[in-house]
Amino acid sequence: MSCRAAPWGRPSAPRGRPFPASARLHSPFGGMNSWKNPVLKNSWRIGDVPAMFGLPSGLFRCMASNGSGDAGFSRPQSIDEAPMPLYPWPDKQRPRVCILGGGFGGLYTALRLESLVWPGNNKPQVMLVDQSDRFVFKPMLYELLSGEVDVWEIAPYFTELLKNTSVQFVKDSVKLLRPSDHLRREPGVSCTGGIVHLESGTVVEYDWLVLALGAEAKIDVVPGSAEYALPFTTLEHALKVESELKMLERGRFGKKSPPIQVAIVGLGYSGVELAATISERLKNTGTVKAINFQTTICPNAPPGNREAALKVLESQNIQLFLGYSVNCIREVYASEDSGSMVADAKEAGGGYKKLVLELQAAQRGLQSQVLEADLVLWTVGSQSQILRLQPPDAPYVIPLNGRGQVETEETLQVKGHPRTFAIGDSAALRDPSGKFLPANAQVAFQQADFAGWNLWAAINDRPLLPFRFQNLGEMMTLGRNDAAITANFIEGLTLEGPIGHAARKLVYCLRMPTDEHRVKVGISWFAKGAVDSLASLQTAVASALSPPTTPTTAPPTAADAATNRCAMDPDSEVAFDFPPYLCQYKSGRVHRPGGDAIAPAGTDPLTGVVSKDIHAGPARARVYLPPDASAAAAPGRLPVVVYFHGGGFVVGSPARPSTHAYLNDLVARSGAVGVSVYYRLAPEHALPAAYDDGWAAVRWVLAGGDGADPWLRDHADLSRVFLSGCSAGANIAHNMAVRAAAPGAVPEGAAVRGLMAVHPYFTGKEPVGAEAAFGPDVREFMDRTWRFVFPGSLGLDDPNVNPFVTDEARAAVAGIPCERVLVCVAEDDVLLKERGLWYARELKASGYAGEIELFESKGVGHAFQFDQLGSGEGVKLQERLVEFIKK
Ligand SMILES: Cc1cc2nc3c(=O)[nH]c(=O)nc-3n(C[C@H](O)[C@H](O)[C@H](O)COP(=O)(O)OP(=O)(O)OC[C@H]3O[C@@H](n4cnc5c(N)ncnc54)[C@H](O)[C@@H]3O)c2cc1C
């Protein structure tokens with residue numbers, strides 16, 4: 001018999017492990033030459049193909065042989081037809097490892113094989129086949145919806161990841177598996193492991209196979225589910241959901257539309273994480289309805305994670321339907337006028353589409369329900385595809401369990417197939433207690449490590465290791481700044497909230513496939529603000545792990561805390577605390593816990609507003625142009641809003657995501673050109689640096705962008721310039737108006753038409769109105785923080801922050817050149833509402849000749865609009881500002 005002698009000099013199966021009896025039982029041939037290869041039978045002539053590809057013919061004869069003589073390929077029926085393209089392995093001697101699927105199992109096995117030291121000429125040639133050209137870090141798909149990550153970060157290209165390795169990546173889809181390693185062989189003879197057929201027609205012959213094809217979403221479950229619901233298991237699914245959400249959000253923008261309704265079927269990990277992410281994204285513009293068959297969520301999660309998740313779901317706009325199953329999903333049309341639902345578009349008179357979910361009570365005592373939704377996401381059920389990849393003439397050649405997963409030995413070898421390993425979601429292995437291992441990334445990742453090692457051992461004739469899963473804990477994301485982590489190695493430890501979120505990101509960053517990608521992603525997340533989260537993580541972990549201290553009789557003071565911290569780390573002794581914005585250490589290091597996440601300038605997909613960062617004279621600004629600026633208005637007809645962000649003069653930037661979203665919204669609604677100013681922040685740049693930067697930007701705008709910027713030059717109406725800002729930004733806007741009153745400050749033809757002071761930051765030594773109820777500590781805090789940002793000032797009697805403190809200051813304010821001033825306050829703004837009201841009152845009393853308007857938002861707090869832009873009060877505030885600009 002002619003067989004390919006093992007070039008690495010070893011028998012075909014691990015030594016000491018005879019082929020198990022199950023192999024023969026599972027063999028469809030039973031030692032008889034009974035199988036025909038439907039794909040190959042008319043295509044190949046043994047002997048022709050090897051010559052064609054420069055391969056030894058013995059190799060093919062081996063595949064065509066089993067113990068009984070000719071059980072591999074049947075002889076070709078027709079020798080005239082074109083041969084199938086055979087994958088040309090570059091080396092004829094070295095072992096050939098074919099890995100199917102490049103997910104957590106497959107890619108990490110390939111990388112593991114690459115990292116091992118191989119004796120002699122034994123280093124295998126490794127081929128990785130995947131239907132996609134990107135590896136997908138699935139646990140972070142949710143972050144695509146929350147905008148926290150970019151596609152390249154969680155779905156890098158295989159070619160990029162493997163560029164410094166010898167792994168050959170092939171983008172193709174697996175069509176058929178033809179293992180031959182279950183066939184009886186003669187002792188001491190090594191044969192190939194089998195062949196794989198790819199969708200492109202390529203046939204791959206291998207010595208060793210790793211099956212890591214994962215699982216697919218099972219969506220065809222109830223009538224209408226395949227048609228109307230979207231799964232969420234691949235990058236393509238996530239991008240589809242993102243685009244559907246964006247369409248719904250866009251359709252609603254600027255209109256008084258009913259809230260967006262998203263239904264999520266299933267409340268396992270995936271459903272819960274999707275519900276939390278989408279609900280946080282929709283805020284007050286929509287509702288999430290989450291349906292679960294069981295009466296609890298995440299039944300298999302550790303209690304700490306489940307409780308944290310429940311807390312988050314209950315605190316958000318999520319309606320839970322527990323104890324229900326979905327019976328069917330239908331599409332209906334809602335009439336534009338009446339909102340009534342009909343099955344036919346014509347009947348609805350061109351209304352809009354809705355989906356209807358019929359829920360059946362799965363628990364006693366519950367009534368069936370009918371829910372409406374704009375989008376349905378299906379997270380229940382998955383299936384393995386191995387069953388349909390088996391040869392039709394030998395459908396059970398690979399042993400599968402009831403869920404279609406490949407049954408493996410503890411060594412991860414497929415039962416009866418010593419040259420085939422199966423790992424990850426497509427494999428089934430029980431733990432020593434008899435329970436199936438969960439289908440998750442942690443298992444796949446750990447199995448990849450063992451599969452790599454066991455392949456090394458098998459190829460080098462060493463004993464194989466049994467796989468043992470180490471459950472390190474479980475994590476789930478619960479929104480942009482929230483997650484729950486239960487770590488098994490520290491009993492009872494559940495990290496929640498921002499710390500859990502930072503810890504989860506850190507773990508995932510470390511789990512990225514290659515050092516290079518890990519570093520790239522780390523830097524990217526660092527730049528997006530992960531640094532502060534990681535700092536808080538460090539603190540939390542340090543405090544969680546530090547031994548409990550003996551209780552003292554007196555509660556510790558702030559000074560004690562500072563001293564204790566100092567004893568741990570001299571760089572952490574607090575010199576100045578400005579909660580919630582900033583803390584400065586004695587070393588001078590400034591820590592801003594809110595991070596410095598950045599939203600890049602560009603086209604806003606929601607509003608169509610375009611923005612860019614430019615130099616505005618000696619300052620910098622982010623400039624915004626409304627959609628269709630050129631078409632909508634004749635040249636030079638758009639008002640200009642110069643905007644100053646808030647943040648106590650110590651934090652914030654036009655690029656902060658909430659500020660950027662706010663400006664996009666304001667510019668879209670008002671049709672104005674927006675100029676959001678980057679000003680220098682205290683304490684690194686104490687006041688008046690921010691005023692000076694602000695004024696440089698205002699001067700630049702009033703000078704028409706020095707004629708150099710096309711957006712201002714071509715679109716701005718310089719006789720309608722508005723100053724605006726929120727909180728400390730409103731203070732800056734006010735001071736800009738005062739500076740504009742100086743003779744010659746405003747160039748000929750330009751005018752500061754209005755001032756919009758939203759929740760303005762002013763203060764003073766003397767309390768006004770309800771401030772009388774503040775304790776001395778509040779006044780002391782205001783004094784301290786003002787002196788911190790403006791060390792050279794007069795304290796609370798500085799006219800910059802107390803504009804009516806002297807007659808001279810009052811006169812300066814009275815002379816501001818704006819025709820109109822709009823002061824906006826928030827009902828629940830405990831610290832600054834009184835000052836806003838006072839500012840409007842005193843301005844009037846100062847003799848200011850223009851109009852003063854006052855607007856109060858109800859039931860909301862300071863600067864609420866950044867978190868609640870789409871809420872009722874958020875929209876009212878924006879509309880009030882727009883009315884002021886357009887008047
Ligand atoms: C949204 C989501 C969130 C998750 N979150 C977590 C989590 O937080 N923690 C956790 O532990 N687990 C999580 N999981 C589960 C985890 O991602 C999987 O268990 C893990 O990816 C399984 O790894 P795998 O290698 O078996 O399969 P996968 O990672 O799915 O990889 C399979 C690969 O095979 C390829 N493939 C499939 N069919 C073919 C074919 N016919 N031809 C060629 N290539 C093919 C696919 O393109 C894919 O690249 C999550 C899963 C999803 C979908």
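Visitor: Which residue in β17 stands opposite isoleucine 264?
Guide: Leucine 377 stands opposite isoleucine 264. This is a predicted model, where local features need pLDDT of at least 70 and side-chain atom pairs count only at pLDDT 80 or more, while totals for chains, interfaces and linings use all residues. Residues are numbered from 1 along each chain as its sequence is written.

Visitor: How many bridges join β10 to β17?
Guide: 4 bridges join β10 to β17 (residues 375–378), and the two run parallel. Two strands pair if DSSP finds at least two bridges between them. Helices (H or I, at least four residues) and strands (E, at least two) are DSSP runs, numbered from the N terminus.

Visitor: What about β10 and β11, in which sense do they pair?
Guide: β10 and β11 (residues 286–292) pair in the parallel sense over 6 bridges. Isoleucine 260 stands opposite glycine 286 there.

Visitor: Which helix makes a β-α-β unit with β10 and β11?
Guide: Helix α10 (residues 269–282), and the unit is right-handed: with the strands pointing away from the viewer, the path from the first strand over the helix to the second runs clockwise.

Visitor: How many residues of β10 are buried?
Guide: 6 of the 6 residues in β10 (residues 260–265) are buried, so β10 is largely enclosed by the rest of the structure. Buried means 20 or more other C-beta atoms within 10 Å of the residue's own, exposed means 12 or fewer, and partly exposed is in between, with C-beta atoms placed from the backbone. Ile260, Val262 and Ile264 cover one side, and Gln261, Ala263 and Val265 the other. In a regular strand the side chains alternate between the two faces of the sheet.

Visitor: Changing topic. What is the order of strands in the open sheet?
Guide: The order is β3-β2-β1-β7-β21-β20, with mixed pairing. β3 (168–171) and β20 (413–414) are the edge strands, each pairing on one side only. β2 (residues 125–130) runs parallel to β3, with 4 bridges between them. Leucine 128 has phenylalanine 169 of β3 as its bridge partner.

Visitor: Which strands does α13 lie across?
Guide: Helix α13 (residues 441–459) lies across β1 (96–100), β7 (208–211) and β21 (417–422), at about 160 degrees to β21. Axes are lines fitted to C-alpha atoms, for helices over the stretch in contact, and angles run from 0 to 180 degrees between N-to-C directions.

Visitor: And the ligand, which residues come nearest?
Guide: Gly101, Gly103, Gly105, Gly214 and Gly424, of the 31 residues around the ligand. Near means that the C-beta atom, placed from the backbone, lies within 6 Å. The largest share of the shell, 3 residues, comes from α13.

Visitor: Now α21. Why is it called largely enclosed?
Guide: Because 12 of the 13 residues of α21 are buried. Its buried residues pack against β31 (638–644), α19 (689–702), β33 (716–726), β34 (752–758) and α23 (807–814). Contact means C-beta atoms, placed from the backbone, within 7 Å.

How values were computed. Contact = placed C-beta atoms within 7 Å.
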